[in-house]
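Please examine the sequence and the model shown below before reading on.

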Amino acid sequence: MKYMFFVITAAFMLLLALPVQGTGPVKIGFINSITGKEAQIGENLTNGAAMAVDDLKSKGIQIVMVQEDDGGDPKNALAAYEKLVTRDRVIGVVGPYTSASANVVASRADQYQVPLLVPAAAKEEITMKGYKNVFRLNAPADVYSKVLLNTIAPYRPKTIAYVYAATDFGVSTVKTAQLNAAAMGLKEVASEKYQQGQPDYRATLAKIKAIQPDLVFLVSYDADAILLMRQAKEIGLTPNAFLGAGAGYTTAQFASQQDISSLVISATQWTDDVNWPGAADFAVRYKARFGKQPTYHAACTYEAVRIMALSALNSKSPQALCATLKAGSWNGIMGPVRFINYSGYTNQNNHPMLVQQLQSGKYETVYPSQFSRKKLVYPYNR
Amino acid sequence: MLFFQSLISGILIGGVYALAAMGMSLVFGVMNISNFAHGELMMLGMYMAYYLFTLLNIDPFLSLLIIMPLTFVFGYVIEKTMIDRVMDHPSENQILLTVGFGLIMSNSALLAFTSDPKILTTSYSSSSIALPGGISVSIPMLLSFLVTCILTAALYLFLAKSRTGMALRATSQNREAAQLMGINVSRMSAIAFGTGTLLAASAGAMIAQTYYIDPFAGHIFLLKSFTICVLGGLGSVIGAGIGGIIIGLAEAMSSAYLSSDWKDVLVFILFLAILLLRPQGLFGKKGEQ
């Protein structure tokens with residue numbers, strides 16, 4: 001009798017459990033740099049993801065987002081991905097933030113067959129190895145230099161110097177910039193790689209100043225950008241244009257330093273003045289909630305989490321989710337999104353990057369023409 | 001032009017490195033412990049300068065008058081309540097204590113101020129003096145260097161002329177003998193740690209004007225301070241001063257004539273060369289290596 005009671009109870013509990021697994025909240029993973037060197041940018045990704053989850057909940061879509069911190073370290077990112085797919089049993093993962101981490105995690109996604117949606121890491125390689133389970137929302141690194149140089153091409157500059165952070169993203173961006181610049185007929189006069197976080201770049205900048213290039217192409221993260229521009233002003237480095245690739249040139253903090261940031265041209269994945277559905281509203285709500293302007297990282301992550309959750313809703317398994325991501329198309333704050341194969345990329349969204357220039361302390365979109373409201377100011381003149 | 005520009009930049013940044021390293025060297029000399037929380041003490045000075053400027057509009061150089069006594073007391077109390085307890089324990093315990101204290105400080109700062117880097121912008125932050133030949137001298141760096149010179153001279157006079165300074169030197173030379181001579185070595189340790197904290201925080205307050213401030217901003221200076229201390233001779237305050245200038249110059253010259261990517265390589269080659277030729281450091285005494 002006791003045995004029968006046990007069997008019936010167990011069967012009843014199993015019956016109760018089965019529908020929960022099928023219709024319960026969608027469980028997705030999110031890997032981000034919450035601590036470590038990239039924590040400042042990581043915070044923007046966290047905020048974007050939180051807004052996406054709340055927006056989905058307000059529409060009645062319940063999702064559970066399991067968040068993991070990689071501290072900007074690829075080893076931790078891989079451990080986080082493995083934990084999410086094996087222990088937490090998430091259906092898909094958004095992240096990680098840095099190129100180095102995303103590249104390592106991407107290499108394992110096909111092994112575990114759990115889709116990885118990279119929101120903001122730019123290294124080309126991530127979606128160039130034919131991984132079936134890796135998708136990327138943002139434009140890869142080669143587009144940064146392409147749009148920046150396209151913007152400046154009509155003014156026929158002749159020489160270019162590179163100053164860039166010794167990171168995966170920095171090296172990758174400059175490598176493609178060198179190819180694009182050579183194709184444009186630009187002569188490279190200097191290429192200076194620097195270690196992040198150093199207090200003094202004056203000697204490097206003095207070397208660039210002595211060569212007097214038409215363009216100075218910079219790749220820097222957060223506060224390094226301010227340091228470099230401040231020291232460039234100190235030593236009197238005044239090329240025809242400063243071209244900034246990387247997060248450092250697209251932050252509100254950089255814009256607030258008007259005496260050094262004025263007229264700097266930068267490439268970005270997103271601005272709030274483009275006519276993508278909900279972009280302006282996202283910026284207003286983000287500022288109201290977090291007290292600061294959203295960066296493109298926040299917007300990319302918001303959209304990535306939204307796409308992952310919406311796709312996961314009707315997918316019973318990671319394999320089905322992979323097929324949904326591959327076949328789907330979306331149109332939100334990042335504009336039209338489709339994961340396609342082109343120019344050697346696999347599952348890459350062909351995202352149109354924007355070029356903006358700081359004019360009177362405000363980022364103004366100056367390229368491409370369909371999104372621009374202001375004309376580029378060239379040459380640079382302090 | 002490039003040579004003189006790099007020379008000036010190297011000397012000016014080297015001055016700030018020197019100030020940071022002098023604090024560490026003093027602590028090592030008197031207490032014979034390596035302070036792994038030194039970078040966080042610099043970070044403390046950075047945040048103090050930032051908030052005194054943004055909230056009370058006190059110029060960062062003037063704010064040193066507030067920062068120095070406060071951080072001296074902070075260091076003194078930390079020594080009495082924490083460091084003093086492990087003075088007679090193995091060096092591993094001392095290292096773990098200072099590492100742990102540093103972690104508590106940086107993570108508390110992370111909670112209090114978030115990871116957003118703060119930029120201290122004064123009216124002269126990006127100003128420079130133009131010299132003939134296209135050479136420019138950063139005004140905040142020049143002022144920092146002058147203040148460093150004043151603080152170094154004051155420290156020298158304090159150590160050479162005052163009774164407390166002499167007692168500190170005696171403790172540094174032979175702790176047991178100093179105790180036998182009636183010097184309160186425990187108090188000397190607290191004064192040394194307080195002074196080391198004061199110097200680290202002052203260096204932080206000055207570098208804050210040309211660097212960015214975040215909870216982990218002191219880490220890079222911790223490594224540089226260690227390098228400078230060993231290069232100049234552990235425990236030698238003068239050695240730390242000269243070592244700072246050497247490192248600043250080596251960084252600037254390698255950035256100018258090799259590549260900025262190579263500057264750490266050159267610095268450590270120089271460091272190894274000095275250690276091989278003179279293991280006790282430039283100004284260290286034989287047998288102290």
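Which residue follows α2(B), and is its phi positive or negative? Asn57(B) follows α2(B), and its phi is positive, near 60°.

## Basis of the description

This is a predicted model, in which local features need pLDDT of at least 70 and side-chain atom pairs count only at pLDDT 80 or more, whereas totals for chains, interfaces and linings use all residues. Residues are numbered from 1 along each chain as its sequence is written, and chains are lettered from A and ligands numbered from 1 in the order in which they are written.

Helices (H or I, at least four residues) and strands (E, at least two) are DSSP runs, numbered from the N terminus.

## Helix α2 of chain B

Helix α2 of chain B covers residues 38–56, 19 residues in number. The expected span of a helix is 1.5 Å times one less than its number of residues. For α2(B) this should give 27 Å, and the end C-alpha atoms are 26 Å apart, which agrees.

Of the 19 residues of α2(B), 15 are buried, and the helix is mostly covered. A residue is termed buried if 20 or more other C-beta atoms lie within 10 Å of its own, exposed if 12 or fewer, and partly exposed in between, with C-beta atoms placed from the backbone.

## Domains of chain A

Chain A is divided by the domain assignment into domain 1 (8–139 + 275–349) and domain 2 (142–268 + 354–367); such bounds come from an automatic or database domain assignment. The C-alpha centres of domain 1 and domain 2 of chain A are 30 Å apart. Their contact takes 14 residues from domain 1 of chain A and 12 residues from domain 2 of chain A, where two residues are in contact if their C-beta atoms, placed from the backbone, lie within 7 Å.

On the side of domain 1 of chain A that touches domain 2 of chain A, the elements giving two or more residues are α2 (39–58), α4 (99–112) and α12 (296–313) of chain A. The largest share, 3 residues, comes from α4(A). By class, this side of domain 1 of chain A has 5 nonpolar, 6 polar and 3 charged residues. Here Ala, Val, Leu, Ile, Met, Phe, Trp, Tyr, Cys and Pro count as nonpolar, Asp, Glu, Lys and Arg as charged, and the others, Gly among them, as polar.

## Contact between chains A and B

The contact between the chains takes 31 residues from chain A and 29 residues from chain B. At least two residues each are supplied to the chain A side by α2, β7, α7 (202–211), α8 (222–235) and α10 (258–261) of chain A. The largest share of that side, 8 residues, comes from α8(A). The chain A side has 13 nonpolar, 7 polar and 11 charged residues.

## The seven-stranded sheet of chain A

In chain A, 7 strands form an open sheet of mixed pairing, in the order β7-β6-β8-β9-β10-β14-β15. Two strands pair if DSSP finds at least two bridges between them. β7 and β15 (362–367) of chain A are the edge strands, each pairing on one side only. The twist averages 25° from one strand to the next; axes are lines fitted to C-alpha atoms, for helices over the stretch in contact, and angles run from 0 to 180 degrees between N-to-C directions.

β9(A) and β10(A) (residues 265–268) run parallel and are joined by 2 bridges. Gly244(A) stands opposite Ser266(A) in β10(A). α5(A) packs on the sheet, where it touches β8, β9, β10, β14 (354–359) and β15 of chain A, and its direction makes about 160° with that of β9(A). α7(A) also packs on the sheet, touching β6, β7 and β8 of chain A, at about 175° to the direction of β7(A).

## Helix α6 of chain A

The 17 residues of α6(A) (residues 168–184) should span 24 Å, and the end C-alpha atoms are 24 Å apart, which agrees. Among the buried residues of α6(A) are Phe169(A), Val174(A) and Ala177(A). Their cover includes α4, α5 (141–152), β6 (159–165), β7 (187–194), β8 (215–219) and β9 (241–245) of chain A. Gly185(A), with a positive phi near 85°, follows α6(A).

## Local backbone features of chain A

A cis peptide bond joins Gly95(A) and Pro96(A), with omega about -15°; Pro96(A) is in the loop between β3 (92–94) and α4 of chain A. A cis peptide bond also joins Tyr367(A) and Pro368(A), with omega about 0°.

Arg89(A), a residue other than glycine, has a positive phi near 55°. Arg89(A) counts as partly exposed because it has 13 C-beta neighbours inside 10 Å.
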